[in-house]
Amino acid sequence: MLRPMVRSRLLVLLVLLVGCGPITYVSRVRSAADSIDAARAAKADKLAPYWWTRATQYLHMARVEAARADFQGANKFGQLATEAGDKATAEALEVAKDPSKGPLQVSPNRVAPAKPADEDDAPPAKKIAPAKDAP
C-alpha cells in the first residue's frame, strides 16, 4: 500500500498529465487560426487554393477531434493546419508577384462549342444480339 504522501503526488502528476492535452490543443489551434488568417489576408483562397483548402479542412478536423476529446489527434491536425496555412501564405505571395505561377483560371463564359454530328462520322449501327437463342 502506498503512503498517503506518495499517493497524493501520483494523483497530482496524473491530473497534470491528463490536463496537458487540452492546453496544447488550445495553443495549436490558435496558431493554426492565426496562420489561416494570414493566408486569408494574402488571398490564398484564390491564389493558392490547394494549400488554402488543406489548411481550412485540417483546422476543421482538429476541432472535430477535440469535440470527441481526442486531443492527441486534434493537436496533430492543428499542426498540419498551421503548416498548410504557412505554405498557402507563401504560395499566395509568390503568385501575387508572378501571376504565371498561379492556378489555371478558366472563365465560366468560355464553353467549347458543340460539334455537329455528321452522318459520315457516326459509327455504324450495331445489331443487337438476342438475349436467348431462338428455338
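User: What are the ground rules for the numbers?
Analyst: This is a predicted model, with local features needing pLDDT of at least 70 and side-chain atom pairs counted only at pLDDT 80 or more, while totals for chains, interfaces and linings use all residues. Residues are numbered from 1 along each chain as its sequence is written, and side-chain values use heavy atoms, with hydrogens and water left out.

User: How many helices and strands are there?
Analyst: The chain has four helices and zero strands; helices (H or I, at least four residues) and strands (E, at least two) are DSSP runs numbered from the N terminus.

User: What percentage of the chain is buried?
Analyst: Of the 135 residues, 22% are buried. Buried means under 20% relative accessible area, exposed over 50%, and partly exposed in between, with a 1.4 Å probe and protein chains only.

User: Which residues touch the most other members of the largest nonpolar core?
Analyst: Ala44 and Leu59, in a core of 19 residues. Such a core is a set of buried Ala, Val, Leu, Ile, Met, Phe, Trp, Tyr and Cys residues joined through side-chain atoms within 4.5 Å.

User: Which helices supply it?
Analyst: At least two residues each come from α1 (4-41), α3 (49-67) and α4 (71-97). The most come from α3, which gives six.

User: What does Leu59 contact, sequence neighbours aside?
Analyst: Beyond four places in sequence, Leu59 is in contact with Val29, Ala32, Ala33, Ile36 and Ala81. Contact means heavy atoms within 4.5 Å.

User: Back to α3. How does its span compare with the expected one?
Analyst: Its 19 residues reach 27 Å from the first C-alpha to the last, close to the 27 Å expected at 1.5 Å a residue. The expected span is 1.5 Å times one less than the number of residues.

User: Which of its residues are buried?
Analyst: In α3 the buried ones are Trp51, Trp52, Ala55, Leu59, Ala62, Glu65 and Ala66. They are on the same side of α3 because they cover an arc of only 165 degrees around the axis, taken from the directions from the helix axis to the C-beta atoms. Tyr50 and Ala67, on the other side of α3, are exposed.

User: Switching topic. Is Ser35 buried or exposed?
Analyst: Ser35 counts as buried because its relative accessibility is 5%. The residue sits in α1, and its side chain makes a polar contact of 2.9 Å with that of Asp86. A polar contact is a pair of N or O atoms within 3.5 Å; within protein, one must be able to donate a hydrogen and the other to accept it, and residues adjacent in sequence count only if both atoms are side-chain atoms.

User: What else does Ser35 contact?
Analyst: Leaving aside neighbours within four places in sequence, its contacts include Ala81, Thr82, Gly85 and Thr89.

User: And Thr24?
Analyst: Thr24 is also a residue of α1, and at 30% relative accessibility it counts as partly exposed. Its C-alpha is 7.0 Å from that of Asn75, 51 residues apart along the chain.

User: Which non-glycine residues have a positive phi?
Analyst: Among them are Lys43, at about 60 degrees, and Ala69, near 65 degrees. Lys43 is in the loop between α1 and α2 (44-47) and is exposed, with a relative accessible area of 54%. Ala69 is in the loop between α3 and α4 and counts as exposed at 53%.
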